[in-house]
Amino acid sequence: MRTRLFPLPFPPEDPSPIPAYFETFAPPAPVTEKLEGDRHADVVIVGGGYTGLSTALHLAERGIHSVVLEARDIGWGESSRAFGQVVPYLKHSPEHLARQLGHEVAERLVDATGRGPDLVFGLIEKYGIECSVVRNGLIFGAHSPAGLKTLHARTRFWQARGAPVDMLDASRTEALTGTRYYHAASLDRRGGTINPLAYVRGLARSAIERGATVCARTPAMRLMRAAGGWRVEALGASVVSPVVVLATNAYTNGEFWPGLGETLIPMRAYQLVSRPLDEPARARILRGGQPLTDTRRLFSGVRRHADGRIHVSADGPVFDMSAEAHVNKVNRRLAMLFPGLGPLEWEYRWTGWVGMTYDLNAHLHELARQ
Amino acid sequence: MMGRDLAARIAGGSDAALCFPLTPLQSSRIRSITRPLVECLVNYYRSRDAFDDFRHRRRRAS
Ligand SMILES: Cc1cc2nc3c(=O)[nH]c(=O)nc-3n(C[C@H](O)[C@H](O)[C@H](O)COP(=O)(O)OP(=O)(O)OC[C@H]3O[C@@H](n4cnc5c(N)ncnc54)[C@H](O)[C@@H]3O)c2cc1C
């Protein structure tokens, strides 16, 4: 139910399109099926983003047939709108997670997250997904003494596990990024960047090629118990299956499964992409090819694409359905990082809804059993 | 990770093998005031970040 006094936004109603910039470099979406009649499947998956499609692909690898229902186009939710960093970290530090979840569970989660980029880049390689992969690592600048302490601790933690993570001094940081702003930074070679839209389409294509059924523009409307498991209704048709996966994230429609949407806080995130930089600026800025983020509290990424455009994660109103990014702030921040760059012209802008949870952890719920 | 985990569990894997632990569905007691609370928190983080920038520039200048 949506609260009245301070209503939270309802992302399924947001018409803002899939990023046109990513579209220019992404292969077209695979041809999907129309859901007709009453079908049966081993598994029904609601939501055609990374979670739903990766589930379908991993199920297909095990010979399990799934039907994926996506309300809009493939990757319509967060998955096509991301900044494109493939990161081996979670929001919370390993120590924090151990306190929250217990040592054993936290250890499993941290270990798997550290290997997360291997999983993503492995799928990309295995299925030949064309998504502008660059695996040069990720740079994190220390923006404050506290940030520097965090980076040192994180670097020591991962180095002790044999991960390719190093601290960079100011001159090495400048050599790779072109900014003198940071006294130090860390370079984590496990991570990299992708075109998020191309990746999610590649997951869909690979799942379909392995036997999954994917139905785009098919909003699941109702879920009810039925003989043989559950019946999911969409567009006058239905699928019956013993297992249903709801992978709808911030775009969850509250009425589909009562209470599920209320576990999430939909928060708006903004992205801007500039016109291509001129050659001298390209030779100077982010020349190592790594995206640059720092230890600030609010996420602030900058990356440079192969066509010489600067791409930033921008700040802005977090709950408004149609609001603009704080462009002046972005320009000021870039001027701090790269004095002499001059004001950039922002050619592409888009937004997406991040499904934040109350404890900032990703959650897996078992909603019901047969 | 979530997709791989889900597929393994559906295929009969044990809960103990999940990277993401199964948690109960719980709505937050602060749901009704989430919006103003988060807005305050984000503004607080913005100002802390801006203050850090200011101090950082001062340190660099000296
Ligand atoms: C601006 C932005 C930048 C980000 N940057 C990064 C980054 O650099 N690195 C990173 O790791 N993560 C990043 N993220 C987060 C990342 O994109 C998400 O964690 C990820 O895409 C979530 O995938 P998902 O499949 O769980 O959800 P989504 O991609 O949101 O998919 C949910 C899907 O469910 C569909 N749906 C909802 N209801 C129904 C229904 N009833 N029937 C059928 N379909 C339905 C929606 O249309 C939607 O397509 C970013 C997110 C945003 C918004």
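# Close-up views of a predicted two-chain model with its ligand

H2, S14 and S18 of chain A each supply at least two residues of the shell around the ligand. Helices (H or I, at least four residues) and strands (E, at least two) are DSSP runs, numbered from the N terminus. This is a predicted model in which local features need pLDDT of at least 70 and side-chain atom pairs count only at pLDDT 80 or more, while totals for chains, interfaces and linings use all residues. Residues are numbered from 1 along each chain as its sequence is written, chains are lettered from A and ligands numbered from 1 in the order in which they are written, and side-chain values use heavy atoms, with hydrogens and water left out.

**View 1. The surroundings of the ligand.** The ligand is surrounded by 28 residues, of which the closest are A:Thr51, A:Glu70, A:Ala71, A:Ser79 and A:Gln85; a residue counts as near if one of its heavy atoms lies within 4 Å. An oxygen atom of the ligand has a backbone N or O atom of A:Gly77 at 3.0 Å. A polar backbone atom of A:Gln85 is 2.8 Å from a nitrogen atom of the ligand. From A:Asn249, a polar side-chain atom lies 3.1 Å from an oxygen atom of the ligand. On its own the ligand has 1000 Å² of accessible area, and the protein covers 84% of this. Such areas come from the Shrake-Rupley method with a 1.4 Å probe, and for residues only the protein chains shown count as cover.

**View 2. Two loop residues with positive phi.** Most residues other than glycine have a negative phi, and most peptide bonds are trans. A:Asn249 is not a glycine, yet has a positive phi of about 50°. A:Asn249 belongs to the loop between strand S13 (243-246) and S14 of chain A. With a relative accessible area of 33%, A:Asn249 is partly exposed; buried means under 20% relative accessible area, exposed over 50%, and partly exposed in between (1.4 Å probe, protein chains only). A:Ser132, also not a glycine, has a positive phi of about 50°. The loop that holds A:Ser132 runs between helix H5 (116-126) and strand S5 (138-141) of chain A. A:Ser132 counts as partly exposed, at 42% relative accessibility.

**View 3. Strand S14 of chain A and its partners.** Strand S14 (residues 264-274) of chain A is mostly covered, with 10 of its 11 residues buried. S14(A) and strand S18 (residues 346-357) of chain A run antiparallel and are joined by 11 bridges; two strands pair if DSSP finds at least two bridges between them. A:Arg268 has A:Trp353 as its bridge partner in S18(A). Strand S17 (residues 310-314) of chain A also runs antiparallel to S14(A), and four bridges join them. Here A:Val273 has A:His311 in S17(A) as its bridge partner. In a regular strand the side chains alternate between the two faces of the sheet.

**View 4. Aromatic pairs in both chains.** The structure holds 13 aromatic pairs over all chains. The rings of A:Tyr50 and A:Tyr199 form a tilted pair, because their centres are 5.3 Å apart and their planes stand at 55°. Rings of Phe, Tyr and Trp (its six-membered ring) pair if their centres lie within 6.5 Å; planes under 30 degrees apart count as stacked, over 60 as edge-to-face and the rest as tilted. A:Tyr50 lies in helix H2 (residues 50-61) of chain A and A:Tyr199 in helix H8 (residues 196-209) of chain A, so the pair ties together parts that are 149 residues apart in sequence. A:Tyr50 is partly exposed at 25% relative accessibility, whereas A:Tyr199 is buried at 6%. In chain B, B:Phe51 and B:Phe54 form a stacked pair, 6.5 Å centre to centre with 25° between the planes. About one helical turn separates B:Phe51 and B:Phe54, because they are three residues apart in helix H2 (residues 34-61) of chain B.

**View 5. Arginine side chains at rings and between chains.** A:Arg81 lies over the face of A:Trp76, 4.9 Å from the ring centre. A charge sits over a ring if NZ of Lys or CZ of Arg is within 6 Å of the ring centre and within 35 degrees of the ring normal. A:Arg161 lies over the face of A:Trp158, at 5.9 Å from the ring centre. A:Arg296, in the loop between strand S15 (292-294) and strand S16 (302-304) of chain A, is buried at 11% relative accessibility. The side chains of A:Arg296 and B:Asp53 make a polar contact (3.0 Å). A polar contact is a pair of N or O atoms within 3.5 Å; within protein, one must be able to donate a hydrogen and the other to accept it, and residues adjacent in sequence count only if both atoms are side-chain atoms.
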